[in-house]
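Subject: Structure handover

Hello,

Here is the structure I promised to pass on. Please open it first, then read the notes below.

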Amino acid sequence: MKFNRIDHVGINVNDLPAAKAFFLDFGLEVKGEWEMEGELLEQVVGLNGAKTACVALGMPDGDTWIELVKYYSPSDEQDVRKSFANTLGIRHIAIAVEDVEAIVAKLKAKGTEIFSEIQQYENIYKLCYVRGPEGIILELAEKLNKQK
């Protein structure tokens, strides 16, 4: 058995346009948009009457992408719950960036929640956690030593 790569990460959202705009601001590109319903979707996700709209976003030069999914049915009656860095389960997506200071300044100007000021981890990374729409947490990581 061989693990080849992570293909994509799925994020369920209520406000698909707002989540899409958030990731487009980071330079991701729309790789595809579609709606899906029917027996195949119901069997794959294990939900009767499932109907979705999806947006695939990725970097121009990368294979891994983020899939934003809006479920029209069945709906999640619990709505978005604010989580914290230590909440159990999948909690954040780390994105390698250049010029984390400029990105954080842009996000602050847009009113994005910033967990803390930019921190430096040893002489390896500058790091910052931000919260986007729907409670999405991103870790912005700028590598300091560009050598491999």
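S3 pairs with strand S4 (residues 65-73) in the antiparallel sense, over eight bridges. Strands here, and helices too, are DSSP runs numbered from the N terminus: helices are H or I with at least four residues, strands are E with at least two. Two strands count as paired if DSSP finds at least two bridges between them.

Some ground rules. This is a predicted model, where local features need pLDDT of at least 70 and side-chain atom pairs count only at pLDDT 80 or more, while totals for chains, interfaces and linings use all residues. Residues are numbered from 1 along each chain as its sequence is written, and side-chain values use heavy atoms, with hydrogens and water left out.

**Overall layout**

The chain has three helices and nine strands. Along the sequence they follow the pattern β-α-β-α-β-β-β-α-β-β-β-β. The C-alpha trace spans about 50 × 40 × 30 Å along its principal axes. Of the 148 residues in the chain, 31% are buried. Buried means under 20% relative accessible area, exposed means over 50%, and partly exposed lies in between (1.4 Å probe, protein chains only).

**The four-stranded sheet**

Four strands form an open sheet in the order S1-S4-S3-S2, with mixed pairing. S1 and S2 stand at the edges with a single partner strand each, so one side of each has no neighbour in the sheet. On average, neighbouring strands of this sheet are turned by 20 degrees against each other, direction ignored. Those angles come from axes, which are lines fitted to C-alpha atoms (for helices over the stretch in contact); angles run from 0 to 180 degrees between N-to-C directions.

Back to S3 and S4. A hairpin of six residues joins S3 to S4. Glycine 58 has tryptophan 65 in S4 as its bridge partner. Threonine 52 stands opposite tyrosine 71 in S4.

On to the other pairings. Strand S2 (residues 29-37) and S3 are antiparallel, over eight bridges. Glycine 32 stands opposite alanine 56 in S3. Glutamate 33 has valine 55 in S3 as its bridge partner. S1 and S4 pair in the parallel sense, over five bridges. There, asparagine 12 stands opposite valine 69 in S4.

Why is strand S3 (residues 51-58) largely enclosed by the rest of the structure? Seven of its eight residues are buried. A general point on strands: in a regular one, the side chains alternate between the two faces of the sheet.

The largest pocket has a volume of about 800 Å³. It is lined by 24 residues, and the closest to its centre are Ile11, Asn12, Val13, Val80 and Glu134. Strand S1 (8-12) and S4 are the elements that give two or more residues to this lining. S1 gives the most, with four residues. By class, the lining of the largest pocket divides into 11 nonpolar, seven polar and six charged residues.

The second largest pocket has a volume of about 560 Å³. It also has 24 lining residues, with Met59, Thr64, Ala94, Ile95 and Ala96 nearest its centre. S3, S4, strand S5 (93-96) and strand S9 (137-143) each give two or more residues to this lining. S5 gives the most, with four residues. The lining of the second largest pocket has 16 nonpolar, three polar and five charged residues.

Now the terms. A pocket is found on a 1 Å grid over the protein atoms alone: it is an open set of points where a 1.4 Å probe fits, with protein on both sides within 12 Å along at least five of seven lines, and lining residues have an atom within 4 Å of a point. Grid points are joined across faces, edges and corners, and a volume is the space filled by probe spheres set on the points. Ala, Val, Leu, Ile, Met, Phe, Trp, Tyr, Cys and Pro count as nonpolar; Asp, Glu, Lys and Arg are charged; the others, Gly among them, are polar.

**Cysteines and valine 104**

How many disulfides does a search of the whole structure find? The count is zero. A disulfide is a pair of cysteine sulfur atoms within 2.5 Å. Cysteine 54 is buried, at 6% relative accessible area. Cysteine 128 is buried too, at 1%.

Valine 104 sits in helix H3 (residues 100-109). Its relative accessible area is 5%, so valine 104 is buried.

Best wishes
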